[in-house]
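Welcome! Try each one before you read its solution.

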Amino acid sequence: MPQHVSGHKGFLSTPRLLFASTPSAPEDGFDPGLPGSRAPPGPLRSTHSPLNSCDQLLCEPRAEKHRGLGPREVRYLSVSTGPQSTACGWRAFAPRCLQVFNTPKGLLFFLCAASFLQGMTVNGFINTVITSIERRFDLHSYQSGLIASTYDIAACLCLTFVSYFGGNGHKPRWLGWGVLVLGSGSLVFALPHFTAGRYEVGVDEGARTCPANQSVACADGSSGLSRYRLLFMLGQFLHGVGATPLYTLGVTYLDENVKSSYSPVYIAIFYTAAILGPAAGYLIGGAMLNVYTELGQRTELTTESPQWVGAWWVGFLGTGAAAFLIAVPILGYPRQLPGSRRYVAMRAAEAHQLRERGHEAASNPTFGRTVRDLPLSMWLLLKNPTFTLLCLAGATEATLIAAMSTFGPKFLEAQFSLSASEAATLFGYLVVPAGGGGTLLGGYFVNRFKLRGSGTVRFCLLCTLISLLSFLVFLTHCPNVPVAGVTAGYGGSLLPRGHLNLTAACNAACRCRPEHYSPVCGSDGAVYFSPCHAGCPTAAEMGPGGQKVYRGCSCVPPSGSAGAGRATAGKCPSACESKALLLALVFLVILFTFLSSIPALTATLRCVSDQQRSFALGIQWIVVRTLGSIPGPIAFGWVIDRACLLWQDQCGQQGSCFVYQNAAMSRYMLTAGLAYKVLGFLSFASACFLYQPRSGSADGTEASLPSQSSASETPTDPQQQSDI
């Protein structure tokens with residue numbers, strides 16, 4: 001572990017030829033008992049005064065005063081700035097018992113907890129409860145979509161400011177306050193439940209059977225509850241503001257406080273926690289939706305009723321309170337962890353060659369402290385072709401990740417004829433091992449194979465190629481289950497696409513309403529729009545296993561010796577022979593897409609100067625969101641809508657899609673996915689070609705290593721080899 005500073009003693013680990021003599025007093029900054037500062041045998045003396053040269057090294061910037069030092073001398077330079085700058089605590093309160101957390105591992109634990117909460121809230125709870133919020137507060141789909149997009153809009157507005165000024169400021173304080181804002185957003189998001197009054201609705205079973213109850217077909221929905229969308233947007237805005245420091249300053253703070261070779265592993269663990277967060281959000285949020293929104297109140301509604309609203313707000317209260325608890329220890333971390341200064345030259349040795357060609361301004365430690373440096377900092381990043389291409393590649397990958405996260409369950413639901421909950425659960429089983437495992441493996445491979453500089457970009461190129469080939473999964477599809485009046489006639493004959501007719505002689509007298517979509521599976525293996533469209537005259541009975549069974553359905557042909565047709569609630573199961581192949585290839589697409597995320601992030605951190613790393617991540621996140629996360633789901637949603645066969649009719653207005661054509665959905669997903677994958681492959685290939693390591697090393701690694709002669713003269717510090 002890195003050395004800790006206590007009392008008035010500092011620690012300076014340098015090559016013996018620079019400071020050969022050992023001061024006699026500990027006040028001079030050296031402890032004779034430490035391994036890195038023992039005196040060499042013999043009367044060798046430096047030409048300068050040890051005390052004066054030590055003062056000069058500690059007080060003056062290395063970039064300006066010691067350019068002549070080789071990589072060996074700079075690598076082991078470590079500065080102690082006193083207990084106030086390296087101790088863990090809150091201003092004057094820094095007890096000794098807290099210093100056990102003042103390590104990269106302790107920092108990683110709290111940052112992982114924060115990213116886990118962020119992922120669970122924004123990518124888990126929000127996606128799980130959005131339909132319940134629509135039902136509870138009379139929101140349209142575009143309004144709920146605007147609520148979800150407010151998060152990315154807030155992040156784009158804050159990224160430049162936070163990454164630029166926070167990158168040169170006290171990063172733990174920016175991170176801690178960001179987590180506090182994130183928790184405040186969760187509490188604001190749950191506030192409408194307590195201010196909108198109690199939710200009460202009656203059971204409407206008669207509207208779905210034959211004959212339909214026409215009096216409740218198109219009730220006036222102008223309840224005024226839709227105005228609460230502004231409060232939801234405010235909560236999402238605070239979520240976006242609070243999460244902005246986490247994935248810009250948090251990544252750079254981790255990277256600059258651990259050894260360069262271990263940084264990908266730490267960042268991979270950090271991002272894996274962010275990926276596991278949504279999985280927990282889906283599980284916890286789904287469980288809470290089985291509880292009625294008004295806790296303790298009895299209701300005749302069941303979880304299968306269209307009017308059911310679960311306890312969507314409970315999870316936001318829990319994450320809000322947890323965020324306040326996690327923010328406290330993060331605020332106590334110092335600007336730099338003890339011993340972190342020794343890693344500066346190791347990162348510099350892997351930097352892009354642009355740092356050595358006219359970028360002296362960016363290497364100045366005071367660069368980026370004022371807003372006057374913002375245009376120059378932006379221009380230096382735009383002139384860096386490797387950084388620009390990595391941003392474009394990240395945007396293409398983010399597009400696919402956002403699209404798969406949004407429409408992956410819908411694809412499985414349509415292909416395998418699953419319910420929404422079953423499709424979400426199955427997709428979760430794919431995402432957790434593929435996304436989380438891919439992120440961890442990406443960081444592990446970078447560390448295991450010692451990938452540096454362009455090597456990480458070549459690894460990303462390989463992963464993109466494999467995932468591009470795996471995307472050919474969408475060449476296959478499962479056949480549609482027959483849907484009466486949509487893909488098949490009521491007599492069993494096939495219907496061409498576009499010839500829809502939900503009304504037949506068997507249900508003409510039922511006067512069924514197209515607003516009441518409640519699919520049932522007939523005993524003939526066909527799906528019917530609702531019990532009314534199946535001609536079922538009576539309410540459902542509870543069959544074996546708690547499944548609703550409708551009897552006497554006139555549109556369902558009798559099976560066997562039964563005198564009338566029978567239907568069960570829900571869709572008919574799909575007998576798809578290629579189900580296993582589809583799931584395996586979708587798993588590979590997700591795995592190799594996430595496998596390149598940490599190497600790409602590591603390459604981004606290495607292709608810019610130290611002073612610009614936080615700002616570079618902020619600019620990259622802006623590009624990724626504006627070109628990927630925000631328009632990606634919209635583009636894929638528009639493409640998927642082209643495959644819709646039956647739209648919802650909300651009293652004359654078009655709603656969501658009920659039935660998709662599986663073959664067309666797979667074909668459109670293949671076209672859009674391959675287009676983005678090819679763009680990502682070309683971006684990574686161009687970045688690999690244009691990347692230039694520092695002169696004098698094959699890939700930026702030789703400059704960070706000492707020569708063999710000096711290495712043989714300097715004893716190995718075992719504590720420096722156990723930082724992870």
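This is a predicted model.

**Exercise 1.** Find out which residue pairs with Lys571 in a salt bridge, and where the two partners lie.

*Solution.* Step 1: the side chain of Lys571 meets that of Glu413, at 3.2 Å from N to O. Step 3: Glu413 has a relative accessible area of 23% and is partly exposed.

**Exercise 2.** Decide whether Glu397 and Lys677 are buried or exposed.

*Solution.* Step 1: buried means under 20% relative accessible area. Step 2: Glu397 has 7%, so Glu397 counts as buried. Step 3: Lys677 has 0% and is buried too. Step 4: the side chains of these two residues form a salt bridge (3.3 Å, N to O). Step 5: Glu397 is in helix 15 (residues 385–416) and Lys677 in helix 22 (residues 662–690), so the pair links parts 280 residues apart in sequence.

**Exercise 3.** Work out which helix gives the largest share of the nonpolar patch.

*Solution.* Step 1: the surface patch consists of Leu187, Leu191, Phe194, Leu317 and Phe324, together about 410 Å² of accessible area. Step 2: helix 7 (171–195) and helix 11 (314–331) each give two or more residues. Step 3: helix 7 has the largest share, with 3 residues.

Note on methods: Residues are numbered from 1 along each chain as its sequence is written. This is a predicted model: local features need pLDDT of at least 70, side-chain atom pairs count only at pLDDT 80 or more; totals for chains, interfaces and linings use all residues. Side-chain values use heavy atoms; hydrogens and water are left out. Patches are made of residues with over 30% relative accessible area and no salt bridge: like charges are joined within 9 Å, nonpolar side chains (Val, Leu, Ile, Met, Phe, Trp, Tyr) within 5 Å. Accessible areas come from the Shrake-Rupley method with a 1.4 Å probe; for residues, only the protein chains shown count as cover. A salt bridge is a side-chain nitrogen of Lys or Arg within 4 Å of a carboxyl oxygen of Asp or Glu. Helices (H or I, at least four residues) and strands (E, at least two) are DSSP runs, numbered from the N terminus. Buried means under 20% relative accessible area, exposed over 50%, partly exposed in between (1.4 Å probe, protein chains only).
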